[in-house]
Amino acid sequence: MTYPIIIGMMKPLTATGKFEMVKRVIQRVNKILFHAIHAGLIHANPAANISKAFEKTKVKHHPSISPEELPELMKTLQVASVNLQTRLVIELQLLTITRLSEASGTK
């Protein structure tokens with residue numbers, strides 16, 4: 001296994017923009033090759049520092065509102081034409097800072 005072979009294997013993933021998957025695959029390849037070094041099967045890791053050959057993952061932050069906007073959101077929520085249960089779950093999430101899966105399972 002050589003540097004160009006590893007980069008070539010990652011090309012289909014980078015071409016489709018799956019940079020996070022490339023990062024995880026490279027981490028696993030490095031773990032396997034470091035194990036091979038420790039087992040005496042190879043003398044050096046050909047994939048060391050290979051992550052620098054690929055683009056970094058672009059961070060995409062989730063949308064949010066500022067604390068100053070919260071009263072307006074609560075007023076809008078009160079008059080919105082949504083199911084009562086939906087409105088109450090949203091209010092519960094805002095008040096308790098829970099995830100949707102946690103809040104929707106609450107009894």
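Helices here are DSSP runs of H or I with at least four residues, numbered from the N terminus. Axes are lines fitted to C-alpha atoms over the stretch in contact, and angles run from 0 to 180 degrees between N-to-C directions.

This is a predicted model, in which local features need pLDDT of at least 70, side-chain atom pairs count only at pLDDT 80 or more, and totals for chains, interfaces and linings use all residues. Residues are numbered from 1 along each chain as its sequence is written, and side-chain values use heavy atoms, with hydrogens and water left out.

**Stop 1: α1 and α2**

Select residues 3-15 for helix α1 and residues 19-38 for helix α2. Their axes come within 8 Å and cross at roughly 155°. That makes α1 roughly antiparallel to α2 (angles over 145 degrees count as such). The crossing is right-handed: the near helix is turned clockwise from the far one by less than a right angle.

Now show the side chains. On α1, pick M10, L13 and T14. On α2, pick F19, M21, V22, V25 and I26. These residues make the contact, meaning heavy atoms within 4.5 Å. By class, the contact has 7 nonpolar residues, 1 polar and no charged ones. Nonpolar covers Ala, Val, Leu, Ile, Met, Phe, Trp, Tyr, Cys and Pro; charged covers Asp, Glu, Lys and Arg; the others, Gly among them, are polar.

**Stop 2: V29**

Stay on helix α2 and select V29. Is V29 buried or exposed? V29 counts as buried, at 15% relative accessibility (buried is under 20% relative accessible area, exposed over 50%, partly exposed in between, with a 1.4 Å probe and protein chains only). Leaving aside residues up to four places away in sequence, V29 touches M1 and A47.

**Stop 3: T57**

Move to the loop between α2 and α3 and select T57. T57 is partly exposed, with a relative accessible area of 37%. Not counting residues up to four places away in sequence, T57 touches F19 and E20. From T57 to M21 is 36 residues in sequence and 9.6 Å in space, C-alpha to C-alpha.

**Stop 4: α3 and α4**

Select α3 (70-79) and helix α4 (residues 84-96). They pack at an angle of about 165°, with their axes 10 Å apart. α3 and α4 are therefore roughly antiparallel to each other. Their crossing is left-handed, with the near helix turned anticlockwise.

Which residues make the contact? On α3 they are L70, L73, M74, L77 and Q78; on α4, R87, I90, E91 and L94. They divide into 6 nonpolar, 1 polar and 2 charged.

Technical notes: Helices (H or I, at least four residues) and strands (E, at least two) are DSSP runs, numbered from the N terminus. Angles under 35 degrees count as roughly parallel, over 145 as roughly antiparallel, 65 to 115 as roughly perpendicular and the rest as oblique.
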